[in-house]
Amino acid sequence: FKRQQANLKVRRRELRFKIISQYFNVVRTKEITRSKKIQLRKSSFIYRLAKEKLSLKKIRSQQFYQAKAEFLKAHNEYQESLYNVTAAEQDLATSLGDELTTTYSPRELLKFKTLTTLKDTSYRFAVEKSPLFLDAKVKLKNANRSFEKALKDNMPLPKFDLKLGAFRHNFSKNGAEDVIQTSTNNRNVEVVASINMKWKIFGSGGLFNTNRDRTAYLDKKIAEIEYRESRRNVRVSVSSLHRKIRFLEKQYEASSALLKNMKITFDKTLDNYIGGKTSFANIKLTLELLMDSYEEYENSKYLHLITKLELANLIGMDDFPGESFEGLVIK
């Protein structure tokens, strides 16, 4: 019963984490849409430039149609990103109880923050607060008690009955009389001792209830195994999530550096393309790499947050020490 009450707090925490995740997913999809809009604008410029060069016969028609294809591709990707934003907003609206047509305009960006909690610290918290581990612990306690009860129920236990008598008010020709009797004309206190044995000879209980006792014993052993496995699974999961978080932190650093580099590279490549110093293939490749770096940068931040939320939920914490998930914003 106490564990079920505690699970209410677990469900509240899961809802909170879900809303945080969905909110920053809206932020992520809108940032990706913004990058797709940049791609569309740059592709449109390249397409119009190619159209002008074609009229001056400075390029072949093949390059013009390639530029047009890139523009149409960028337009299609932009529309797809708008659909992703709508889906993310609907998920958030469902969790918040808003209308599914609600649109959100976040004025904050997700702030990347490395995890400072050590793996051993996470495991120590998990042993104390992990819902998975605590559920297995409660199940083991209940199984032990059920087994003990099954053994006691099968024992020939003595039974004592104590009859003190009952109050009786009599009316007769001699007047009224108040007496305490156990039976008629008997005012003695009676103590009766007996031994009751209730064994099920036929049926599901088996001979002398051996099947019932055996079932309780096996339930107890299964609960013990699940308890040990839950402890091991928590340790493995904590270790795995910490490794994943460290990987995502390195990925974020790489994607951040790549995005800065690609912005500079694209600007220089575009200048060279305008001046006729580089080919369309180069500007096309550079633009694709720039858009990929935008998307990878946003995804790495978001996946890092999601993994930290998963770790916090596993070890039963609302926030990591010195960190608040709601505070991971750049205004």
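R16 is partly exposed, with 22% relative accessible area (partly exposed falls between buried, under 20%, and exposed, over 50%, using a 1.4 Å probe and protein chains only). The model is predicted, so local features need pLDDT of at least 70 and side-chain atom pairs count only at pLDDT 80 or more, while totals for chains, interfaces and linings use all residues. Residues are numbered from 1 along each chain as its sequence is written, and side-chain values use heavy atoms, with hydrogens and water left out.

R16 is a handy place to start on the charged pairs. A salt bridge here is a side-chain nitrogen of Lys or Arg within 4 Å of a carboxyl oxygen of Asp or Glu, and the count by this rule is 17. In one of them, R16 meets D319 at 3.0 Å, N to O. D319 belongs to the loop between α6 and β6 (329-330) and R16 to helix α1, so this pair ties together parts 303 residues apart in sequence. (Helices, H or I with at least four residues, and strands, E with at least two, are DSSP runs numbered from the N terminus.) D319 is itself partly exposed, at 23% relative accessible area. R16 also bridges to E326, with the closest N and O atoms 2.7 Å apart. Here helix α1 is linked to the loop between α6 and β6 across 310 residues, and E326 is partly exposed at 44%.

Another salt bridge joins K30 and E89, whose closest N and O atoms are 3.3 Å apart. K30 sits in helix α1 and E89 in helix α2 (residues 61-96), so the pair ties together parts 59 residues apart in sequence. K30 is partly exposed at 29%, whereas E89 counts as buried at 5%. Elsewhere, shared partners join E70, K73, K284 and E288 into one network of salt bridges.

Helix α1 itself covers residues 2-55, 54 residues in total. From its first C-alpha to its last, α1 reaches 79 Å, close to the 80 Å expected at 1.5 Å a residue (the expectation being 1.5 Å times one less than the number of residues). Just after α1, K57 takes a positive phi of about 60 degrees.

Turning to the interior, a nonpolar core is a set of buried Ala, Val, Leu, Ile, Met, Phe, Trp, Tyr and Cys residues joined through side-chain atoms within 4.5 Å. The largest has 29 residues, of which F24, V238, L305, L311, I315, F320 and F325 touch the most other members. At least two core residues come from each of α1, α3 (119-129), α4 (131-153), α5 (210-274) and α6 (280-315), with α6 giving the most, seven. A second, separate core of 22 residues includes I46, F112, I283 and Y297.

Rings of Phe, Tyr and Trp (its six-membered ring) pair if their centres lie within 6.5 Å, with planes under 30 degrees apart counted as stacked, over 60 as edge-to-face and the rest as tilted. F320 and F325 form an edge-to-face pair, 5.9 Å centre to centre with 65 degrees between the planes, and both residues are buried. Ring pairs also link Y47, F64, Y65 and F71 into a cluster. Charges sit over rings too (NZ of Lys or CZ of Arg within 6 Å of the ring centre and within 35 degrees of the ring normal): K53 lies over the face of Y273 at 4.6 Å from the ring centre, and the charged end of R235 sits 3.8 Å from the ring centre of Y123.
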